Amino acid sequence: MRNLSRPFVILIVCGLTLTACDTFEKPVLPFDKTNELVVITINSPDTYYENADGSYAGLEFDLASEFARDLGMQIKFRIAPGLDQVLTKLEEHKGHFAAGLTVGTKHELHARFGPVYQRIQPQVVYNTDYRRPRNIPQLVGKTIEIARGTTYAEQLNKAMQQAPGLKWTEVDITGEDLLAKLAEGKIDYVVADSTQINQAKNFYPNLDAAFDLGEPVGKAWAFSPYAERELLEKTRKFFDRIEQDGTLMRLLDRYYGHIQRLEQADVSGILDKRRTLLPDLRGHFHEAEELTGIDWRLIAALAYQESHWNHLAVSPANVRGIMMLTETTADRMKVTDRLDTRQNILAGARYLRSLMDRLPTRILEPDRTWIALAAYNQGASHIEDARILAQRLELNPDSWVDLKKTLPLLSLSKYFQNLKHGYARGGEAVILTESVRTYYNILLKYERPYSWGFPVANETGALS
């Protein structure tokens with residue numbers, strides 16, 4: 001499995017595919033005179049980045065690619081070094097529209113916006129190693145930084161009415177890098193949006209939001225003030241369509257649906273055990289990837305959710321070992337000792353692979369993996385019941401975002417009495433899957449992929 005999204009950015013190589021960044025930037029042809037849709041954005045986990053298998057991902061990448069498919073056009077992304085340069089490129093007609101901007105007075109001076117498709121809350125972020133600020137006046141005299149090109153200066157200017165001495169600095173680094181700087185204690189506070197903050201808290205357990213700054217703001221595509229009416233109308237119809245058919249909700253869930261699942265203690269726990277327990281387990285997880293083709297970091301994330309990498313774990317229901325195998329599953333996987341670390345990891349990975357393979361081929365990634373993880377928790381039969389229930393409720397049985405709604409209903413007699421396999425603790429399957437998604441993202445950030453057949457030097461990753 002190689003197409004699951006990665007939370008933080010690695011270098012993009014230009015010119016490899018139609019979606020790679022464009023080195024030689026000429027003004028674009030008018031929308032009605034070209035078969036190539038050109039999109040301006042930045043390289044970030046919220047917009048456009050290269051994922052674990054070398055393909056491209058990000059909410060803006062997925063949205064713009066879906067739009068191009070609707071139009072029957074090819075697509076090209078032009079990557080600006082920062083948000084300010086995004087608008088500059090748009091003014092220079094280097095793209096048909098810009099993606100990844102928030103709607104604000106600053107941006108509206110240079111562009112017109114399409115439909116709002118996401119709302120985010122600007123927040124003041126602090127390092128929890130220090131005292132939490134409770135209000136705007138407590139920020140006076142402190143070092144506050146915001147990413148250049150954002151609209152947060154507008155909110156801060158309004159906040160100056162409460163605290164005339166308030167000062168801040170706009171810097172030429174991304175919001176993600178600013179949050180890392182804050183976690184290192186190099187600045188006092190950062191203003192960022194709620195999605196960036198919730199993602200960062202899964203990597204830096206000493207970050208938290210102190211309070212909201214102003215009202216929520218919308219994200220929308222930005223167009224030149226002189227954009228063709230046809231392009232604007234097709235954009236409006238596109239967002240109407242993806243909102244009505246659930247595509248927008250599924251994409252938002254793909255990138256943000258799981259990021260608030262863990263508590264800070266959970267994040268601190270896996271980061272600590274990554275140093276103490278994971279080094280002795282990596283070889284087994286690597287072998288499991290060779291055996292199943294599943295990214296070893298996903299298998300490790302599942303193992304951490306199940307046992308916190310304790311190979312001697314035993315539940316009251318006699319579920320045992322690092323992957324918490326039932327006796328039935330262990331027998332099916334021909335495990336002779338469930339407390340043997342290697343046997344348990346390989347068997348758990350093979351079982352997960354079998355659950356993925358049993359699902360209908362029409363179910364695509366990443367939904368296929370998330371549904372298989374739920375089946376690892378509650379069994380394939382109950383997942384099939386949840387899929388049947390989704391159909392009855394006119395939901396999509398092949399979509400994880402819809403199964404998250406039906407799985408908890410398996411514990412209600414109103415629903416399970418009319419299903420083949422009866423009662424199930426389906427809510428537990430949702431919790432497991434969403435937690436594994438977040439642990440997986442943490443390991444993607446800090447652990448290297450496995451190089452099959454070759455020794456991997458220094459596997460300890462960024463925090464070692």
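Leaving aside its neighbours within four places in sequence, Leu-407 is in contact (heavy atoms within 4.5 Å) with Ala-374, Ile-383, Ala-386, Trp-400, Gly-426, Gly-427, Ala-429 and Val-430. The model is predicted, so local features need pLDDT of at least 70 and side-chain atom pairs count only at pLDDT 80 or more, while totals for chains, interfaces and linings use all residues. Residues are numbered from 1 along each chain as its sequence is written, and side-chain values use heavy atoms, with hydrogens and water left out.

Leu-407 also belongs to the largest nonpolar core, which has 80 residues; Phe-285, Trp-309, Met-323, Leu-407 and Ile-442 touch the most other members. Such a core is a set of buried Ala, Val, Leu, Ile, Met, Phe, Trp, Tyr and Cys residues joined through side-chain atoms within 4.5 Å; buried means under 20% relative accessible area, exposed over 50%, and partly exposed in between, with a 1.4 Å probe and protein chains only. Helix α18 (residues 426-446) supplies the largest share of this core, ten residues. A second, separate core of 32 residues includes Phe-31, Val-39, Tyr-56 and Phe-238.

Helices (H or I, at least four residues) and strands (E, at least two) are DSSP runs, numbered from the N terminus. After α15 comes Glu-394, whose phi is positive, near 60°.

Elsewhere, five strands form an open sheet with mixed pairing, in the order β10-β9-β11-β8-β12; two strands pair if DSSP finds at least two bridges between them. Because β10 (169-171) and β12 (207-212) stand at the edges, each with a single partner strand, one side of each is left without a neighbour in the sheet. Within the sheet, β9 (residues 144-147) and β11 (residues 189-193) pair in the parallel sense over two bridges, and Glu-145 has Val-190 in β11 as its bridge partner.

Aromatic rings provide a further theme. Rings of Phe, Tyr and Trp (its six-membered ring) pair if their centres lie within 6.5 Å; planes under 30 degrees apart count as stacked, over 60 as edge-to-face and the rest as tilted. The whole structure holds 20 aromatic pairs. Tyr-56 and Phe-61 form a tilted pair, 6.3 Å centre to centre with 45° between the planes, and both are buried. Tyr-117 and Phe-239 are stacked, at 5.3 Å and 5°.
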